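Work through the exercises below with the model open beside you. Each task is followed by a solution that goes step by step.

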Amino acid sequence: MQIPGLIDPVPVPRAVTARADGRTAIVGLTRPELIAALVVAGIPDKAAKMRAAQVWHWVYNRGVVNFDLMANIAKDTRAVLAEHFVVGRPEIAQAQVSTDGTRKWLLRFDDGNEAECVFIPDADRGTLCVSAQVGCTLNCRFCFTGTMKLVRNLTPGEIVGQVMLARDALGEWPAVGAKPGVVAARDDDDDDEDDAPRGNYSVEGRMLTNIVMMGMGEPLYNFESVKAALGIVMDATGLGLSKRRITLSTSGVVPMMARAGEEIGVNLAVSLHAVTKEVRDEIVPINKRYGIDELLGACAAYPAANNARRITFEYVMLKDKNDSDDDARELVRLIRKYRLPAKVNLIPFNPWPGSDYLCSDPERIARFSEIVFRGGISAPVRRPRGRDIMAACGQLKSASEKVSRAELDRRSAEKEAGWVDAA
Ligand code: SAH
Ligand code: SF4
């Protein structure tokens, strides 16, 4: 029998949706795919590689969406490009800004499906939280996304598109025609005028400095698309984000972890959340398939981790569920047992409508953190961001979706077993 909450992942990433106008979307094509697509569009073989490099630069380095602005490409070639291709962005169905500056976008893709994406500004960095799927097949009990049905995997273009859109919204492209080293105007104050260009077009001058694959969905259940998308994001001649500034979070898809380390090579975060089989089975149901020992074994073997690039263990603080002193001590023991280069991120539970849990008290979280620190492992408490606009960890959901089959099965099984009290 299918274990409620454990549905096999969609095995093959869905192909790029054919556009009604027959044109091909450039954002999301890998460089070899772009070269091949240019040849199909009639660009001579010999010129295709060079043209691809030019288009790549305009699209990913300058943020240009209009072929007419690609000044170093001949006019007739630009016309061929415009006839066969499009440089698009996901449509913004809703944009919200939190009182703490966090921004959330509800994105609508070509087929009408929606996913959310969040930008979290900090003093020393700006982190974009990117979604990998519309919905999720896994039903972690404390996660709002987990109550959604998995609609589909996002394509590479839809994943990269989230980064492009954030760059647009933050005004981070260099102005076309501007001297190299000058970014586009950023209009982020209250007046009606564009701000003057400022800052250098460099990592230091950018607002979007980090990416976390911690939005909607399980990135390792959409491996090929996530790999292609992050390859594009890391390409040094384009968006150019370093693998050290990208973190992929998994709930524990053990069979894909080694490949993630070898083929993507970004930082790893693991949603551990519990230290006993009983509790983890309940709150992170994928544990029934890949248990804690298997998961920590895969962490020990993760190729892209070392003392300089530690694995982050995410641990949501649920009152009276996983937050005791014994839990904290067991967490230290497990990390030591597997000799993991690790840090722990304690996440105060973010509530959502209908959630079953309460957040641990601040004193309890502080005590838990202290025990882990005393065990020699860094365990900071993640400051909740964007709660007022439902943008914090685990609060993302696109409203149009209904409760998943697995969630319904689980609820009715629980009711039958008398687990849910009448209140
Ligand atoms: N699917 C991936 C990545 C997305 S979730 C994963 O599960 O790792 C990003 C993080 O937020 C995960 O650690 C997740 O467990 C945590 N999270 C989910 N719901 C939460 C909630 N309500 N409060 C706090 N953290 C939550
Ligand atoms: Fe899916 Fe991650 Fe939410 Fe679990 S925590 S339901 S894996 S998005």
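**Exercise 1.** In which crossing, right-handed or left-handed, does H5 pass H6?

*Solution.* The model is a predicted one, in which local features need pLDDT of at least 70 and side-chain atom pairs count only at pLDDT 80 or more, while totals for chains, interfaces and linings use all residues. Residues are numbered from 1 along each chain as its sequence is written, chains are lettered from A and ligands numbered from 1 in the order in which they are written, and side-chain values use heavy atoms, with hydrogens and water left out.

Helices are DSSP runs of H or I with at least four residues, numbered from the N terminus. With axes fitted as lines to C-alpha atoms over the stretch in contact, and angles running from 0 to 180 degrees between N-to-C directions, H5 and helix H6 (residues 254–264) pack at about 20°, their axes being 11 Å apart. H5 is therefore roughly parallel to H6, a term for angles under 35 degrees. The crossing of H5 past H6 is right-handed, that is, the near helix is turned clockwise from the far one by less than a right angle.

The contact (heavy atoms within 4.5 Å) brings Phe223, Glu224, Val226, Lys227, Leu230 and Met234 of H5 to Met256, Arg259, Ala260, Glu263 and Ile264 of H6. These residues divide into seven nonpolar, no polar and four charged, where Ala, Val, Leu, Ile, Met, Phe, Trp, Tyr, Cys and Pro count as nonpolar, Asp, Glu, Lys and Arg as charged, and the others, Gly among them, as polar.

**Exercise 2.** Describe how H4 packs on H5, and name the residues that meet.

*Solution.* Helix H4 (residues 156–170) and helix H5 (residues 223–234) pack at about 40°, with axes 8 Å apart. H4 is therefore oblique to H5, the class left over once under 35 degrees (roughly parallel), over 145 (roughly antiparallel) and 65 to 115 (roughly perpendicular) are set aside. Their crossing is right-handed. On the H4 side Pro156, Ile159, Val160 and Val163 take part, and they meet Ser225, Val226, Ala228, Ala229, Ile232 and Val233 of H5. By class, this contact has nine nonpolar residues, one polar and no charged.

**Exercise 3.** Which residues surround ligand 2?

*Solution.* Taking residues with a heavy atom within 4 Å, one finds Cys136, Leu138, Cys140, Cys143, Gly146, Gly217 and Ser251 around ligand 2. This shell divides into four nonpolar, three polar and no charged residues.

**Exercise 4.** How many aromatic pairs does the ring rule give?

*Solution.* Rings of Phe, Tyr and Trp (its six-membered ring) pair if their centres lie within 6.5 Å, with planes under 30 degrees apart counted as stacked, over 60 as edge-to-face and the rest as tilted. The count comes to four aromatic pairs. For Trp56 and Tyr60 the ring centres are 4.7 Å apart and the planes at 55°, so the pair is tilted. Because Trp56 and Tyr60 are four residues apart in helix H2 (residues 45–61), about one helical turn separates them.

Note on methods: Helices (H or I, at least four residues) and strands (E, at least two) are DSSP runs, numbered from the N terminus.
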